Amino acid sequence: MKILVLAFILFLGTGFVYTQKYAYIDSDYILGNIPAYEDAKKKLDKLADRWTKEIEKRYEVLAMKKDNFAREEVLLPKEEKKKRQEEIDKLELESMQMQKLRFGVSGDYFSKRQELIKPIQDDVYDAMQKVASKRNYSFVFDKANQSNLIYADSKYDISNSVLKQMGITVR
């Protein structure tokens with residue numbers, strides 16, 4: 001009797017799996033076909049480049065001051081050594097703080113990315129959800145972004161449908 005019940009449960013379970021439909025998207029492909037995303041990415045890249053150069057200049061000045069101090073240290077009076085070391089320490093701290101302010105977890109880069117890119121990603125997600133709902137997909141995987149998806153038949157790719165749902169014509 002137990003075997004019959006177990007067989008019945010397994011039969012129902014496998015039937016449930018076969019009724020589920022799967023699809024996948026390639027979010028890199030989708031985002032690459034959204035002009036607003038390309039513009040936002042360029043703005044973000046320009047800001048990151050500018051901030052990186054600012055930080056690099058600070059570290060160059062710091063390195064120069066450290067080199068000068070190392071060369072002159074033996075000739076300097078005790079008070080001057082202390083003064084210069086404090087100046088170097090302060091500059092080093094300010095440089096690290098600037099780096100954290102710009103590129104830290106809650107820094108300017110993260111905030112700007114949230115402002116420029118996240119709304120576009122949210123639109124993609126909403127469109128994907130609509131397409132998946134219309135076609136009764138139980139699961140939609142993303143082929144991009146270090147996915148564990150090893151193989152996917154292109155007939156299950158709904159990326160163009162998502163773009164169409166967003167009103168974007170593929171180039």
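Predicted model: local features only at pLDDT ≥ 70, side-chain atom pairs only at ≥ 80, totals over all residues.
1. Asp 122 comes out as partly exposed, at 32% relative accessibility. Its partner is Lys 118: the two side chains form a salt bridge, with 3.1 Å from N to O. Lys 118 is partly exposed too, at a relative accessible area of 31%. Have a look at helix α6 and you'll find both of them there, 4 residues apart, which is about one turn of the helix.

2. Salt bridges can also link up. Arg 50, Glu 54, Arg 102 and Asp 108 belong to one network, joined by salt bridges that share partners. How many salt bridges does the structure hold? The count is 12.

3. The side chains of Glu 72 and Arg 84 meet at 2.2 Å, N to O. Glu 72 sits in helix α3 and Arg 84 in helix α4, so this pair ties together parts that lie 12 residues apart in sequence. Glu 72 is partly exposed, with a relative accessible area of 30%, and Arg 84 is partly exposed as well, at 25%.

4. Lys 112 and Glu 115 pair up through their side chains at 3.2 Å, N to O. Both belong to helix α5 (residues 108-116), where 3 residues, about one turn, separate them.

5. Now step back to the whole chain. It has 7 helices and 2 strands, and from the N terminus the order reads α-β-α-α-α-α-α-β-α. Of its 171 residues, 25% count as buried. Among contacts with a separation of 6 or more, 79% are between residues 24 or more positions apart. The accessible surface is about 12800 Å², and carbon and sulfur atoms account for 57% of that.

6. Next, the inside. The largest nonpolar core has 21 residues, and Ile 30, Ile 34, Ile 158 and Val 162 touch the most other members. Which elements give two or more residues to this core? They are β1 (22-25), α2 (27-32), α3 (35-72), α6 (118-134) and α7 (159-165). Helix α6 gives the most, with 6 residues. There is also another core apart from this one, made of 5 residues, including Leu 62, Phe 69, Leu 76 and Ile 88.

7. Leaving out residues up to four places away in sequence, Ile 158 touches Ala 23, Tyr 24, Ile 25, Val 131, Arg 135, Tyr 137 and Val 140.

8. Is Ser 95 buried or exposed? Ser 95 is buried, with a relative accessible area of 0%. You'll find Ser 95 in helix α4 (residues 78-103). A polar atom of the Ser 95 side chain lies 2.9 Å from the backbone oxygen of Leu 91. Beyond residues up to four places away in sequence, Ser 95 touches Arg 58 and Tyr 59.

9. Tyr 22, Phe 139 and Phe 141 make a nonpolar patch of about 270 Å². Phe 141, in strand β2 (residues 139-142), is partly exposed, with a relative accessible area of 39%. In the loop between α6 and β2 sits Asn 136, which is exposed at 55%. Check the backbone of Asn 136: phi is near 60°, a positive value in a residue other than glycine.

Key: Residues numbered from 1 in each chain as written. Heavy atoms only, no water. Buried < 20%, exposed > 50% of the residue type's maximum accessible area, 1.4 Å probe, protein only. Polar contact = N/O pair within 3.5 Å; in protein donor to acceptor, adjacent residues only side chain to side chain. Contact = heavy atoms within 4.5 Å. Core = buried A, V, L, I, M, F, W, Y, C linked by side-chain atoms within 4.5 Å. Areas by Shrake-Rupley, 256 points an atom, 1.4 Å probe, with all protein chains shown as cover. Patch = residues over 30% accessible without salt bridge, like charges linked within 9 Å, V, L, I, M, F, W, Y side chains within 5 Å. Salt bridge = Lys/Arg side-chain N within 4 Å of Asp/Glu carboxyl O.
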